[in-house]
Amino acid sequence: MQKNTSTLLQTYLQYQGSPFSDPGFSAPELQLSSLPPAAVSFKIWHAMDDAERLNRVQEAFLALTQHLQLVGDDQSDLNPGSPILLTQLGAARLRAQGLMGNMAAIMTALGLPIPPEEDTLGLVPFGASTFERKCRGYIVTREYGHWTDRAVRDLALLKAKYPA
Amino acid sequence: MMDVCLWWRQPSRMVDNRRTKMSPNFRWLLSVLTLLHLIMQINSQKRGVLRDLKCTTNNLQVWDCAWKAPLGASHGTVNEVCIEDRFHSCHRLEKTNIKIPALSPGDHEVTINYLHGFESSPSKFILNEKNVSLIPDPPEILNLSADFPTSTLHLKWNDKGSAFPPHSDAVWEIKVLRKPSMELVKLMSFNTTLSGKDIVHHWNWTSDLPLECATHYVGIRRYIDCHHFSGRKEWSDWSLLKNISWTPNSETKAFPQDKVILVGSNITFCCVSQTKVLSGQIGKTFCPLIHLHGESVAIHIQNISVSENSGTNVVFTTEDNVYGTVVFAGYPPDVPQKLNCETHDLKEIICSWNPGKPTGLVGPRNTNYTLFESFSGKYVIFERFETLTNESYQLLFQMLPNQEIHNFTLTGRNPLGQAESTILVNITERVSPRTPTSLKVKDINSTVVTLSWHLPGNFAKINLLCQIEIYKDNSKQELRNVAIKGVEDSSYIVAVDKLNPYTIYTFRIRCSTETFWKWSKWSNEKQHLTVEAIPSKAPDTWREWSSDGKNLIIFWKPLPISEANGKILSYNVSCSSHEETQSLSEILDPQHKAEIQLDKNDYIISVVAKNSVGSSPPSKIASMEIPNDDLKVEQAVGTGKRILLTWHHDPNMTCDYVIKWCNSSRSEPCLMDWKKVPSNSTETVIESDQFQPGVRYNFFLYGCRNQGYQLLRSIIGYIEELAPIVAPNFTVEDTSADSILVKWEDIPVEELRGFLRGYLFYFQKGERDMPKMRSLESGHSDIKIKNITDISQKTLRIADLQGKTSYHLVLRAYTDGGLGPEKSMFVVTKENSVGLIIAILIPVAVAVMVGVVTSVLCYRKREWIKETFYPDIPNPENCKALQFQKSICEGSNALKTLEMNPCTPNNVEVLESRSIVPKIEDTEIISPVAECPEESEADPENHVVVSYCPPIIEEELANPAADEAGGTSQVVYIDIQSMYQPQAKPEEEADIEPVVVAAVAGYKPQMRLPINSAVEETAAEDDTDKTAGYRPQVNVNTWNLVSPDSPRSTDSNSEVVSFGSPCSINSRQFLIPPKDEDSPKSSGGGWSFTNFFQNKPND
């Protein structure tokens, strides 16, 4: 899944034209208000308890699935003739949903409350300009990777805590 | 008042007068103006005189006249203005201007008189419409709005046309200014015509710079050109400026957003920013920044290139953020190409087209197409996000009932433009039916079937044209067209006739319409076997009498499938004469002959073929054969696989001709095949795959007359002649000194492989071992050739040859197919007889003479010879051998000789090997000849007893005198074979002729001398071939023929003794002792010359 996320990001950027498709493109300053950033200081992250940690991941992937759907819609307008990108976006969304399901199972197993599903996107995204959509897609695919990395780390920590 | 008026009027009269004088209008006007100016000048120079009366109007209804108050006149000074118009009105007022209704055309005197504080000095002016300026009011902008996405300004204003006479021309001038420097970015004018009513006008303008990036101001003024007004017309003032500015409502700060533009056009992007913009780029290209106001910047792109699918990105980078926008550069849609409309089923029209040049725009910007049918007013829309490549687009249009003519307009639209193409079709002429399905075949009879198939579509109003493909094995396919009345969604059925019975056909079908447009695809194939019918023809029949002449064999050929009309099950053969009809039992199919025992009466044989349906007509043939006496055998040669036979027409032959043929090497009755030819033909070509080149065939031409066949010609022929494969076998019958008679045999027909055309005979001097005659045909000078074309000739005499000379003879046969192989022979002609006789007689005579002389001499001197060569046997006491080998030789000579047992050690005992002694083997004992004399000299007496007892011969090289004392190197030969050893011939008798020797020799020692082996072989062959009995393994020639064992040789010289040396080496075979009774004489008598002489006295 981690490998797929970087592939998705590369594929996504490749279809957005220069400067997105330029080698080494990175714009960390771009953020989406509707999508919580995965970056967190180690201290804060370490100080979180399991419930909070899993809660954050669960919320983030909930937002990611919605955003990936949005990005897929955007790209079917912008790149209708690129089934590779559209397929990868669809697959990423399904993986995110799968991960959410797994997280929910873990949280249930640990006796933690599962955050309710809510519409994180709201009315905001419609009417965005093409450039905004491209940036949004970039942020979503980038954060999708970051959150996946973070989820892996969270689960590894959890696994260390609860062996077998 | 009157005075003033009159006074003011005078000049005008004067002007009138002058006008009458100066008729040109222009001059008149100029004079008036000049005069008016002069008056005003004069007045102004006077203190208290009015100056500069100026009248304007903004609506042609009211004139507004203003003048400058005289010097010293204070505000509030009352003055009186009197206008000489219809009413001659005067107005008292305190202002320096007055609004008066528009005056009628012509001069009007205006008197302005200041009343208080001034001495009354009325100023008079002549006022005319021509002096009045028309200055309209500035237009009022009703609304200025902006469409930011398109950077378009919309200006709306009222022309207030009701204030002016209709049909007045209005010119409008609009200016657009841009902050911050208020530079004029657009000044534009356009004309309208006033209608007498207030009209709101619109003006749109698209800015090159996005409107968001700078505040734009718009002002407008006008110029009214009223045709009825003769005064001056001037531009109005500019209206109040209205501005458009953008109020940020989102984060977006780069403009324009998501614009679609034509490839190659120019565009400006701008970025509204509060912080410093560091760079601006389009795609990968960085562009120079154009500073607007504040930190806002713009970049200008010229000749933009086509975008990729997701558009071209334009990005501005500030110190803390990135702003961007996307532009889509593409093309307007190309004219739809190859627009074509057709229908498969007359229910739905399919229009297809090629989009032409790609637009470079996808998604929502992609071209969408509308197919509009003008008669029905219906349309369908084609919308698709992705661009199809190399694929034609299609739209389905539901047909209306009863509408045949359709006028389609296909319009392609995208944000950059639109294009269309049209097509007018009568849809009944554009029917391309679907593939027929459910093809079925049904039998009607053996030659007719029905085909049925299903074809979907509403064809009730048209006729269909269908094509049936009929394919028969091994023949070309046949196409048949059938026209059918169309029906709606139904099956169709047609009959297909003229088929062959019992034949496998493959059918398939395709359809079109009568007004042909396109064929449908072929339906699936359907295979069908037609039913059987009775055989249509009688089998081809021939008959042959068996070799004994008792039976008639009837042959017939199987019917070809086209005539059999089914599977032939059996044949019925019957023969009938005048009296009776005899029928044979049914003959089942694979057999195609029958044998009937018949007498020589006249019979008619008939053969009938039967299949499951019925019988063929009978084929009849007469058994009788009409004899033909004058029959010659002719020859014919064919070409390739065929042979042409011709004959003369014979009117007697009424039925037909039959040619039968067979391989001539086959036994009778021979029949390979036959062929029937109509009676009126005189030639035929016989062709068969069985024909082989180089094989002789017999062809027989029969003529049919009165139901009987007569052999007309007998022909032997070849399809192709080949060269003979063997040479004629020839022998030399007779040879003389100067001629040779050669005789040869015929070549068998099978090996001749063609008609024999002659022989070629070559002869040449030559020995057997000489190189063979090469290239016989090359005409070598030595080779003589005789061409024998008379093939009946079997002998040839070659004359004029040289005697006793070897000749090389070669004989070859040839046919038209080429020369056969050669057979050669070497013959030596006989010698000249006289020379031969001389050559024979002289040696014979000499030999006889020598023989006679020798015989006489021997007879005369026989006593001497006996004493010399054959003395009496000496006393055995003298045998020295017995002295030193008493153990062996003790006792009487005769007994000892017989007792061989003590002497058995027949072996070689090597006491000490010496290097010079050759390898000594058990079976092969070699004694160097060179040592023999030494030994014999040392002990000549030893050899006397050798005949009776195997001697042990000591060979002493170092000390010949030593006896038993073992020398340092000794070879001891124990030779038991001494008595069989060749009798050495005395040296003086060695001259005796070898011929005689050969005749006498019955035995030869088995000595082998390797050195002479080569010589031995040849010599042995030559000289001892005739030697009967045992063959010695020795070359006798190498020996000194002496008889050492002869007792009478004791007194011979040393050479005689030398023979008794160990040179006589024997194989084991000699271990078997000879018979006891054999005397030394008889033992040697088999081969020795000595015996010859010894026995002679006995004779």
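I take a salt bridge to be a side-chain nitrogen of Lys or Arg within 4 Å of a carboxyl oxygen of Asp or Glu. I note that this is a predicted model, in which local features need pLDDT of at least 70 and side-chain atom pairs count only at pLDDT 80 or more, while totals for chains, interfaces and linings use all residues. Residues are numbered from 1 along each chain as written, chains are lettered from A and ligands numbered from 1 in the order written, and side-chain values use heavy atoms, without hydrogens and water.

**Entry: salt bridge.** I looked across the interface of chain B and chain A and found 1 salt bridge. B:K284 pairs with A:D22, with the closest N and O atoms 3.9 Å apart.

**Entry: extent of the interface.** I recorded 27 residues from chain B and 20 residues from chain A in contact (heavy atoms within 4.5 Å). The two chains bury about 1,600 Å² between them, 53% of it on carbon and sulfur atoms; buried area is the accessible area (1.4 Å probe) lost on putting two parts together, summed over both. B:S310, B:N313 and B:V322 supply 27% of the area that chain B buries against chain A, more than any other three residues.

**Entry: annotated segment.** I read in an unreviewed UniProt entry that a "transmembrane region" covers residues 834-859 of chain B; such annotations may be inferred rather than shown by experiment. Over residues 834-859 of chain B I found 100% helix and 0% strand (DSSP runs, helices being H or I of at least four residues and strands E of at least two). The end C-alpha atoms of this segment are 38 Å apart.
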